[in-house]
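Q: Hi, could you walk me through this protein? I'd like a plain picture before I get to the details.

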Amino acid sequence: HVTCPSCGTDFPLEAGLLDADAKRLAALFAGLEPVLGRAAIAYLRLFAPPKNRLRLSKAVRLMEQLVDLVGEGTVSADDRVNIRRPANQAQWAAGIEHMLNDPKLVAGCRASPLANHNYLRKVVFGLADSADAVAERAREQSLRQRTATTGGAPQPVNRLVQLSNAINDVEAQLRLGMITADEAEQRKAAARKEHAG
C-alpha cells in the first residue's frame with residue numbers, strides 16, 4: 001500500500017496504475033528530468049476547472065502536448081512568426097516555476113483555468129531569448145578580443161553579418177507587434193549607420 005500525498009488515503013500501488021490513462025501519465029512523467037516532472041505536476045493544477053478536479057484523460061492530453069513541446073528542443077512564442085530559440089528541460093521547468101510563483105496568475109487560474117500552453121511558451125521563449133542574447137554577447141566579446149589581439153579591424157563580412165542580424169531582429173520585433181513601423185525604420189537606419197564601413 002502507498003499513501004496519497006494529497007489526501008492521505010492508503011491504497012494498493014497497483015490500483016493507482018490500473019487505469020490506462022494513469023499508466024500513460026506515469027510514462028510521460030518518467031521521460032522527463034525530475035525537476036521538470038515535479039514542476040509539471042504542479043503546473044497541471046492551473047488547468048483544473050473551478051470546484052472540480054482535473055480529469056485524468058485531460059491531464060494525459062496536456063502532458064502529451066507539453067512533452068511534445070519540450071521534445072522539439074526549441075520554443076516559439078507564437079507559431080505565426082517563425083522565430084524559435086533553443087530551449088532545454090531546465091528552461092521549461094523555470095518557466096513553469098515562474099508561472100507558479102505569480103500569485104495573480106495562480107489566483108486567476110482558480111477562476112478561469114488555462115486552456116492551453118501558450119502562456120508557458122511565451123514565458124519559456126522569454127527565458128530562452130535572454131539566454132540566447134547572453135550567448136550572442138559572449139560570442140561578440142570573444143570576436144572583439146580576438147580582433148584586438150591580432151591588431152586587425154573587423155572584416156567587412158563581419159560587419160555585414162552584424163547588420164543583417166540587427167535588421168532581422170528589428171523585423172522580428174515588428175512582426176511580433178513589439179514596435180511600430182516607424183520605430184522599425186528608425187532602428188534599421190541606426191543599425192545601418194552603426195555597421196557601415
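Predicted model: local features only at pLDDT ≥ 70, side-chain atom pairs only at ≥ 80, totals over all residues.

A: Happy to; we can start with the overall fold and then look at helix packing and a few residues.

Q: Good to know. How many helices and strands are there in the protein chain?

A: The protein chain has nine helices and four strands. In sequence order, the pattern is β-β-α-α-α-α-β-β-α-α-α-α-α.

Q: And what share of the residues is buried?

A: Of the 197 residues in the protein chain, 30% are buried. The chain exposes about 12700 Å², and 55% of that comes from carbon and sulfur atoms.

Q: Let's talk helix packing. How do helix 2 and helix 4 pack?

A: Helix 2 (residues 20-30) and helix 4 (residues 56-71) have axes 9 Å apart, at an angle of about 25°. Angles under 35 degrees count as roughly parallel, so helix 2 is roughly parallel to helix 4. The crossing of these two helices is left-handed.

Q: Which residues of helix 2 and helix 4 meet there?

A: From helix 2, Asp-21, Ala-22, Arg-24, Leu-25, Leu-28 and Phe-29 take part, and they meet Leu-56, Ser-57, Ala-59, Val-60, Met-63, Glu-64 and Val-67 of helix 4. Sorted by class, this contact has nine nonpolar, one polar and three charged residues.

Q: OK, and at what angle do helix 3 and helix 5 pack?

A: The angle between helix 3 and helix 5 (residues 89-100) is about 30°, with the axes 9 Å apart. That makes helix 3 roughly parallel to helix 5. Their crossing is left-handed.

Q: Who's in that contact?

A: Helix 3 brings Val-35, Leu-36, Ala-39, Ala-40, Ala-42 and Tyr-43, while helix 5 brings Gln-89, Trp-92, Ala-93, Ile-96, Glu-97, Met-99 and Leu-100. The contact of helix 3 with helix 5 has eleven nonpolar, one polar and one charged residues.

Q: What does Val-106 touch?

A: Leaving out residues up to four places away in sequence, Val-106 touches Leu-46, Met-99 and Leu-100. Tyr-43 is 63 residues from Val-106 along the chain, and their C-alpha atoms are separated by 9.8 Å.

Q: Now some lysines. Is Lys-188 buried or exposed?

A: Lys-188 is buried, with a relative accessible area of 11%. Lys-188 sits in helix 9 (residues 181-194). Not counting residues up to four places away in sequence, Lys-188 touches Ile-167, Val-170 and Glu-171.

Q: And Lys-122, buried or exposed?

A: Lys-122 is exposed, at a relative accessible area of 51%. Lys-122 belongs to helix 7 (residues 118-150). Lys-122 and Ala-77 are 45 residues apart in sequence, yet 4.5 Å apart in space, C-alpha to C-alpha.

Q: Last one: where is Lys-51 found?

A: Lys-51 is in the loop between helix 3 (34-43) and helix 4. Lys-51 is exposed, with a relative accessible area of 87%.

Q: What is phi of Lys-51 near?

A: Phi of Lys-51 is near 60°, a positive value in a residue other than glycine.

Note on methods
Residues numbered from 1 in each chain as written. Heavy atoms only, no water. Buried < 20%, exposed > 50% of the residue type's maximum accessible area, 1.4 Å probe, protein only. Areas by Shrake-Rupley, 256 points an atom, 1.4 Å probe, with all protein chains shown as cover. Axes fitted to C-alpha atoms, helices over the stretch in contact; angles between N-to-C directions. Parallel < 35°, antiparallel > 145°, perpendicular 65-115°, else oblique. Left-handed = near helix turned anticlockwise from the far one by under 90°. Contact = heavy atoms within 4.5 Å. Nonpolar A, V, L, I, M, F, W, Y, C, P; charged D, E, K, R; others polar.
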